[in-house]
Amino acid sequence: MTISKTEALIAARIALGDVAALGGGDTDATVDAGFLRRLLLGLPFPAAYHEAVADQHPAYPIPSGDAPVPIAAPGLRISGAIIRGVLDLSDCIGQGGQGLPALALEHCRLEGDGGVDPDAIDVRLSLDVSHARLARLSLRGSQAGFIRGREVSIDGPLDLGGLAPLNEAAPTSRTDDDLSKIRAWFERVAEAARAEAAAVREGKGAPFHDTEPLPDLTRPAAWPSASGDHCWLDLTGARIDGRITLDDARLRAPPPRDPAMVARVGPRFALSLMEAEVGGGCVALRPCSIEGGIDLVSARIQGELNLRGSWVSEGEGPALSARNASIVGGIILDRALLTGSTDLNDARLGANLDLRGTGLNGRGKIALTARNARVEGDIVLTDGACILGSIALHGASANFLHLSRARLAGDTTLVARHARFDQVELLGDCVLVGGASFVNAEVRSDIIVTHAILLGNRGQAALDLEGVRIGANLGLHDQVVLNRALNLKSVTTGDQMLLQDVTLIGGGLIAADGVKVGSSLRLRKLHGATALDLTDASCAILDDDPSAYGNGRLRLNGLAYQRLARASFAGRCVDDRAAWLSGFKPETDRETAISPQPYHHLARVLAGQGQVDDARDIQVLLADRRRAAGKPLIWSEGWLTGLGRWTLHLSTGLFGKLFGFGLKPTRAVTTLAVALVAGWAFFGWANWRGAMVIDQQAVASIAQAGRVGAPALTDDEMVQNIPCGDAVRPSLYALDVFIPLVDLLQETECEIGEAEGTARAMPLFQGITVGSGEAARTLFGEVEVYRFAKAFYALAGWLILSLSILTFSGVMQRSGETG
């Protein structure tokens with residue numbers, strides 16, 4: 001029987017357990033795929049065939065009669081062959097349900113049918129192992145077209161290292177020119193943001209400029225379409241007990257079809273492992289290139305998916321689709337470049353999602369989506385990771401979410417709403433153009449943001465933490481730059497919240513309304529915020545620098561804290577807190593627009609800390625500001641009503657100056673002392689001027705010719721208007737007039753009048769005469785002025801003493817505490 005040297009060599013080598021290395025010497029490397037199929041299936045060859053093999057290779061063990069070529073334990077191993085036709089092993093298994101022998105076609109060309117697949121006219125089928133069972137399969141270094149392996153069972157590893165299309169004899173060099181352009185763009189954006197932040201901190205108030213447009217990287221390169229340009233595998237539903245190796249593989253799916261067709265029949269991937277079970281990992285120890293994406297939907301991989309340094313691009317589907325996959329060893333995309341979206345929705349990772357130095361180009365779409373994914377390790381974006389497009393982690397969970405020296409840009413760059421993490425860290429020069437949102441997320445330990453730049457798009461907060469529940473600390477500190485807004489609404493922390501050295505470029509709101517801080521709320525060096533909203537916030541300790549809020553509006557209504565940190569006082573508390581509360585401005589100029597709650601609460605806390613005087617000063621400050629806010633205009637409501645309101649306004653102002661609105665006993669004491677000294681001086685002056693005379697009662701005088709007076713020493717003369725002199729002491733006289741209902745027997749001794757018989761350097765002013773004759777009247781005589789002054793002094797004494805008693809009683813203090 002005639003047998004080719006190639007077939008004889010292959011038969012002899014596999015029978016002896018050796019590798020059939022072809023292409024050397026005078027041996028033709030071409031072999032028919034049908035011959036290989038017959039060998040693997042153990043189909044019998046005639047006895048003459050075995051004898052012909054033995055003639056060429058004496059070591060060949062000749063079986064008896066018509067029998068298959070014996071295949072030693074290592075299996076069918078061929079190197080350097082050119083395999084013509086489709087190697088069709090579909091639905092094939094070994095004897096007794098065992099797997100076929102191991103198949104290793106390394107550095108071979110699987111030219112396939114050279115035509116078309118009946119199910120897809122642009123497909124060149126090279127190998128079909130669908131529903132087959134093999135001990136192992138290796139295609140290392142080979143070239144092939146389409147490899148179909150639906151529901152194949154491989155009892156060992158699958159080696160695809162170096163696998164490439166038929167038309168690619170040498171590896172194509174990876175190009176990351178686009179990534180270099182993007183990194184340069186990020187550096188320009190970061191530098192501009194830092195410069196504007198520095199201007200804001202220096203008080204220059206530089207306006208924020210929107211970032212320059214992102215370079216257009218949405219258009220993919222032309223897809224190779226010639227026959228032999230594609231090498232792709234469909235291993236849907238496969239069971240692979242070993243590891244899948246992708247070192248240096250160069251896979252490419254056929255050109256993308258019409259979207260309507262894709263929607264109808266489903267996408268094609270360069271490597272499809274949908275619903276596959278892999279006992280080992282899927283590893284590229286050296287970078288591979290996969291054009292057309294990887295499909296891992298609902299796959300179960302016991303090891304890791306490691307594409308370190310590889311290049312993966314999308315085709316009809318995402319670049320990497322692992323929806324609902326279970327990958328025990330995690331996903332490692334360290335230094336990889338993925339063009340197109342990455343879908344990890346509902347995936348389960350037993351270790352890290354490693355994106356260190358990774359480039360993800362979402363091409364204007366979501367770059368990475370991991371909704372409801374469960375990562376038992378960490379999500380790591382460090383070492384210059386560059387992401388174009390959003391990262392969606394809605395409902396996801398992981399240990400650490402760690403970003404350091406990462407570059408992200410998208411509509412909302414990082415979205416982790418309702419997600420759960422042990423810790424979140426944005427450290428070391430992170431740049432997020434598009435901001436980050438963690439609305440209603442749960443973080444069991446800390447959220448730390450330092451040396452980061454977060455720039456929100458129009459209408460979005462740069463960092464949105466609304467409703468986040470934090471088990472320990474929230475810290476934004478050390479040169480954090482944001483724009484538009486920082487949203488901390490309803491955040492809950494188990495320990496501290498620290499905002500320090502935070503700069504908002506272009507202005508913006510820090511919304512911290514409704515936050516609940518278990519320990520201290522520490523606020524330091526807040527620059528550029530147009531408003532800080534602490535409405536209904538609460539904390540155990542308010543530890544802040546009252547001068548560090550800038551010139552923005554403060555919203556403090558409902559802010560509650562149990563005590564103030566002593567370190568927050570640079571001097572007297574009232575001085576610092578007056579400036580702090582000055583930022584709490586009403587929306588209108590009406591008194592009713594000023595809420596007293598921030599003032600009353602501060603006063604209660606200060607009183608509880610033993611700073612009673614400071615507490616009273618704060619309440620005085622409130623009353624004074626409410627009075628200033630309610631300042632009326634005489635003509636605003638009619639002149640009579642306006643005049644009345646103006647009089648009341650002046651009266652309350654005087655009450656504030658003299659008595660601290662009934663809150664300052666020290667002012668009341670001072671007012672009493674000044675009033676008594678003034679009365680002492682006034683009555684002393686009046687007595688010296690001879691304007692005080694003895695109060696002559698009728699029982700001590702006589703009447704003569706219509707006159708009443710004391711008897712004179714000379715006959716027939718009556719002496720009246722006797723100077724008071726030393727009959728009273730001016731100090732006691734002033735006290736007797738000033739204090740009502742108390743008689744010190746001073747006021748009954750003397751009264752205001754013009755004394756006679758006194759020597760004065762300057763006589764008393766007799767006033768101004770108005771009119772003539774019987775109608776003439778004298779006005780503003782000195783004695784008359786003194787009488788009015790005494791009456792005013794008596795009224796003032798009644799009023800001042802009453803208000804002093806009100807102040808000493810503390811009634812206004814208690815009213816303020818409940819107000």
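Reply: A residue is called buried under 20% relative accessible area, exposed over 50%, and partly exposed in between, with a 1.4 Å probe and protein chains only. With a relative accessible area of 56%, Phe780 is exposed. The model is predicted: local features need pLDDT of at least 70, side-chain atom pairs count only at pLDDT 80 or more, and totals for chains, interfaces and linings use all residues. Numbering starts from 1 along each chain as its sequence is written, and side-chain values use heavy atoms, with hydrogens and water left out.

Together with Phe765, Ile768, Val770 and Val785, Phe780 forms a nonpolar patch on the surface, and the accessible area of the five together is about 480 Å². Areas come from the Shrake-Rupley method with a 1.4 Å probe; for residues, only the protein chains shown count as cover. A patch takes residues with over 30% relative accessible area and no salt bridge, joining like charges within 9 Å and nonpolar side chains (Val, Leu, Ile, Met, Phe, Trp, Tyr) within 5 Å.

Helix α12 also takes part in a charged pair. Arg689 and Glu782 form a salt bridge, with the closest N and O atoms 2.9 Å apart. This pair links distant parts of the chain, 93 residues apart: Arg689 is in the loop between α10 (665-688) and β59 (692-694), and Glu782 is in α12. Both Arg689 and Glu782 are buried. A salt bridge here is a side-chain nitrogen of Lys or Arg within 4 Å of a carboxyl oxygen of Asp or Glu.

The disulfide comes next, defined as a pair of cysteine sulfur atoms within 2.5 Å. One is found in a search of the whole structure. Cys724 and Cys750 form it, with their sulfur atoms 1.8 Å apart. The link of Cys724 and Cys750 is right-handed, with 85° about the S-S bond. Cys724 is in the loop between β62 (718-719) and α11 (730-738), whereas Cys750 is in strand β63 (residues 750-752), and the pair links distant parts of the chain, 26 residues apart. Cys724 and Cys750 are both buried.

Now the interior. A nonpolar core is a set of buried Ala, Val, Leu, Ile, Met, Phe, Trp, Tyr and Cys residues joined through side-chain atoms within 4.5 Å. The largest nonpolar core has 171 residues, and Ile10, Leu36 and Phe438 have the most contacts inside it. Helix α1 (residues 5-16) gives the most to this core, with seven residues. A second, separate core has 27 residues, including Ala668, Phe683, Leu764 and Ile800.

Ile10 is in contact (heavy atoms within 4.5 Å) with Ala20, Leu22, Val31, Phe35, Leu36, Leu39, Leu76 and Ile78, leaving aside neighbours within four places in sequence. In helix α3 (residues 47-56), the buried residues include Tyr49, His50, Ala52, Val53 and Ala54. The buried residues of α3 pack against α1 and α2 (33-41).

Asp383 is in the loop between β37 (379-381) and β38 (386-388) and Arg335 in the loop between β29 (331-332) and β30 (337-339), 48 residues apart. The side chain of Asp383 also meets that of Arg405 in a salt bridge (3.0 Å, N to O). Arg405 is in the loop between β40 and β41 (407-409), so its pairing with Asp383 ties together parts 22 residues apart in sequence. Asp383 counts as partly exposed at 28% relative accessibility, as do Arg335 at 41% and Arg405 at 42%.

As for the whole, the structure holds 33 salt bridges. The protein chain has 13 helices and 65 strands, and 51% of its 819 residues count as buried. Among contacts between residues at least 6 apart in sequence, 58% join residues at least 24 apart.

Methods:
Helix = DSSP H or I, 4+ residues; strand = E, 2+ residues; numbered from the N terminus.
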